[in-house]
Structures are given as C-alpha cells and as structure tokens.
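Biologist: I should like to learn how to read a model of this kind, feature by feature. Please give the general idea each time, and then the case at hand.

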Amino acid sequence: MTYLDYQATTPLAPEALAAMLPWLESQHANPHSPHREGRRAKAAVEVARDQVAALLPPGGRIAFTSGATEALNWAIKGTAGPIVTLATEHAAVLDTVAAEAARARQVTILPVNPDGVVDLDEARAAIQPGTGLVAAMLVNNEIGVIQPIAALAEIAHAAGAMMLCDAVQGYGRVAIPETVDLISISAHKIHGPKGIGALWIRDGVNLAPLMHGGAQEAPGRSGTLSPALCAGFGVAAKLMADRKNEDAAHIDRLWSLALDRLGPGWTINGSTEHRYHGNLNIRRANLDVNRLMSDLRDIAFSAGSACASGSGRSSHVLRAIGLTEAQARSSIRLGFGRYTTETELRDAIDAIVVAAEAQWP
C-alpha cells in the first residue's frame with residue numbers, strides 16, 4: 001500500500017510510539033494526582049507541553065484537548081460577539097459557527113478568490129468595530145492554500161476582534177504569525193497519536209469553558225489527560241522542529257516529482273504560489289474518481305477531505321473556489337510527506353495517470 005493521504009492523517013513516528021509505550025504498559029498514574037507516581041505523570045505532561053509550545057508563538061499557554069475539533073469549538077463558543085470566517089474553512093469551524101448562528105450570534109462567511117485566497121479588501125469591509133472573532137485556516141486541508149493570517153490578524157485587531165488560527169495543517173511546516181490570539185493544532189497531523197490536540201491561548205485572553213468539571217487544564221479545560229498521548233504529541237512536535245528543514249526539502253522534491261510525472265491534462269486546484277507543497281489537489285476533465293479509486297486500491301488517496309467522507313456531497317472548498325459540480329467531482333487530493341519515498345510517489349503517479357487515461361480508450 002502506498003499512502004498518499006497525509007492531510008487526513010499522518011503515519012505515527014516510531015519515536016512518538018516509543019515515548020508512549022511506557023505510559024501504556026506500566027506507568028498508569030493519573031497526572032492530576034498528588035502522589036509520587038501522579039507527579040511523575042504530570043512531569044511527563046509538562047515536558048510534552050514545552051515541546052509542543054516550542055513551535056508556537058511566545059506569550060501564550062497551551063491547553064491539551066481531545067483534538068483540534070474540540071479546540072476550535074472551545075475557541076469559537078468561548079468567545080463573544082460577531083464572527084467572521086471563510087467559506088473554505090474546515091467543518092469544525094463552519095459547523096460550529098452555524099450552531100452559533102442558530103443561537104442568534106451574527107456570522108459572516110467571506111468568499112475566496114479562484115485561487116482559494118481571501119480578498120483582504122473584502123475582509124476589511126466585513127471586519128468592522130464590534131466584531132468579536134475572526135477565524136481562518138493557515139493551510140487549507142483540501143487544497144493546501146496558505147491564507148494571509150498575519151494580514152487578517154492586523155485587520156481583526158484594528159477592529160477590536162480576536163484572531164483564531166486553525167493551524168492543524170500548517171503547524172511545524174508553515175510559520176504561524178505571532179500576532180494571532182488563539183491557535184488550534186492536532187497531533188495526528190504531525191506524525192503523533194490520534195485523540196489529542198491543543199488550543200494555544202494568548203496571555204490575557206479568557207475563554208468561557210466548553211466543558212465543565214475538574215478544570216484540570218489551567219485555561220479552563222476539564223478532563224483527565226493521557227500522559228501517553230501527551231508524550232507522543234510532544235515527541236512528534238520535537239521531531240517537527242528538529243527535522244523542519246529536512247522535511248521541507250524532501251516535500252519540495254516530491255512536489256516537483258509529482259508535477260513532472262503527471263503530464264498534460266491535469267489542473268491544480270488552488271494557488272500554486274501560496275501553497276504548502278505536501279498537498280496536491282488536482283482534477284482532470286470527466287474523470288470518474290470512484291472508478292479510479294476502485295482501480296487503484298493499493299494507493300491511498302482522497303476524493304475529498306476525510307471529514308466529508310461518505311456524505312455524498314462534493315467538496316465545499318472546491319465549490320468555493322468556483323469549480324463546477326462536475327469539476328469538483330473530477331478532483332483528487334494527493335498528500336505526501338516525511339515517510340513517502342520518491343520511488344513510491346513516482347510509481348503511484350504513474351499508476352494514477354495510466355488508470356485515468358484508460359477511462360478514455
């Protein structure tokens with residue numbers, strides 16, 4: 001199996017697994033308990049917290065969560081005032097702001113240009129004094145487009161609003177502007193374990209709690225933390241920092257290789273200039289994607305974002321950049337990264353091209 005679905009999840013780093021195993025096999029203490037074993041577990045959590053924080057701006061604190069979905073829900077529901085966000089955001093943002101709108105909170109959803117990037121003039125017109133929160137994704141999970149988060153944060157602050165950055169796909173890969181107020185991240189998108197993420201909260205920002213209970217995390221998140229998941233997250237984050245240049249160079253080589261092997265007939269969805277190169281979302285006219293996936297069962301790639309799998313709907317992101325229903329349904333997403341070899345990607349691209357061309361005998 002050749003795995004090309006890195007935006008859905010990434011392979012677990014062996015080093016992250018090794019860090020987790022002791023806490024799964026023999027070290028089972030609650031990190032919120034005051035006895036010696038509990039303090040040892042807490043110390044492991046705090047080491048992980050520092051490792052995760054090393055890739056985030058200074059001047060804030062981290063609350064571990066069950067994942068980025070919880071972090072985004074908390075950031076949105078824990079704030080007040082009108083919300084401005086983008087049409088290409090993840091469902092964890094769009095569905096949450098829809099729920100807030102149903103409770104009579106004002107919501108504005110900005111369109112994006114055909115390249116997937118927001119128009120800053122339209123953002124300025126929408127983000128007016130009184131706006132409470134602006135929410136935008138650093139790197140889009142479906143088309144890899146990088147949004148101008150620093151510029152959006154500047155506009156938000158000029159209007160007295162806070163800036164929430166969904167950095168799930170960009171954390172450790174693309175610089176996160178230090179001017180944002182809230183950042184959501186997820187471990188399993190950086191070769192860490194599933195089931196843990198975090199919300200970074202700028203000092204001085206206070207959020208209403210999303211869940212009530214023991215308030216184990218100082219910013220107000222309740223629930224017993226898993227030392228195993230925290231340890232795996234921490235080591236995965238440290239690897240992202242240690243391997244940043246190496247990983248980036250490898251991904252750039254894979255991107256170039258993929259483009260060289262695709263040949264004519266394929267169109268890249270979204271900006272090629274403002275883009276993370278580990279995400280290649282492409283389309284071919286009249287491509288039957290279901291048939292393609294059936295013909296290539298030894299290659300794991302996506303016909304859309306994993307969160308919309310099985311919904312029967314075409315990608316809202318591809319529709320937002322102006323693609324027709326037919327174009328959106330003729331698109332595939334190839335995601336690659338640290339553990340993808342050049343040989344694997346070359347052979348997979350060649351197989352995709354051959355299978356696609358076989359649809360037009």
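Biologist: In which helix does Glu100 lie, and is Glu100 buried or exposed?

Modeller: Helices (H or I, at least four residues) and strands (E, at least two) are DSSP runs, numbered from the N terminus. Glu100 belongs to helix 4, residues 91–102. As for burial, buried means under 20% relative accessible area, exposed over 50%, and partly exposed in between, with a 1.4 Å probe and protein chains only. Glu100 is buried because its relative accessible area is 6%. This is a predicted model, in which local features need pLDDT of at least 70 and side-chain atom pairs count only at pLDDT 80 or more, while totals for chains, interfaces and linings use all residues. Residues are numbered from 1 along each chain as its sequence is written, and side-chain values use heavy atoms, with hydrogens and water left out.

Biologist: Which residues is Glu100 in contact with, leaving aside its neighbours within four places in sequence?

Modeller: Contact means heavy atoms within 4.5 Å. On that basis Glu100 meets Ile76, Lys77, Ile83 and Arg105, its neighbours within four places in sequence being left aside. Pro361, by contrast, is 261 residues from Glu100 in sequence and 51 Å from it in space, C-alpha to C-alpha.

Biologist: How far apart are the C-alpha atoms of Glu15 and Leu239?

Modeller: They are separated by 8.5 Å, although 224 residues apart along the chain. Glu15 lies in helix 1, residues 14–25, and counts as partly exposed because its relative accessibility is 40%. Apart from residues up to four places away in sequence, Glu15 touches Val235, Leu239 and Tyr339.

Biologist: What phi does Ala104 have, and what phi does Gly263 take?

Modeller: Ala104 has a positive phi of about 80° although it is not a glycine. Ala104 sits in the loop between helix 4 and strand 4 (107–110), and is classed as exposed because its relative accessibility is 71%. Ala215, also not a glycine, has a positive phi of about 50°; Ala215 lies in the loop between strand 8 (197–202) and helix 7.

Biologist: What span should helix 8 have, and what does helix 8 pack against?

Modeller: The expected span of a helix is 1.5 Å times one less than its number of residues. Helix 8 (residues 244–262) has 19 residues and so should span 27 Å, which agrees with the 27 Å between its end C-alpha atoms. Its buried residues include Asp247, His250, Trp255 and Leu262. The buried residues of helix 8 pack against helix 7 (227–242), strand 9 (267–268), strand 10 (279–283) and helix 12 (342–357).

Biologist: Where is Gln169 found, and what does its side chain reach?

Modeller: Gln169 is in the loop between strand 6 (162–166) and strand 7 (182–186). Gln169 counts as buried because its relative accessibility is 6%. The side chain of Gln169 reaches the backbone oxygen of Gln7 at 3.1 Å. Not counting residues up to four places away in sequence, Gln169 touches Gln7, Val139, Asn140, Asn141 and Lys189.

Terms used. Polar contact = N/O pair within 3.5 Å; in protein donor to acceptor, adjacent residues only side chain to side chain.
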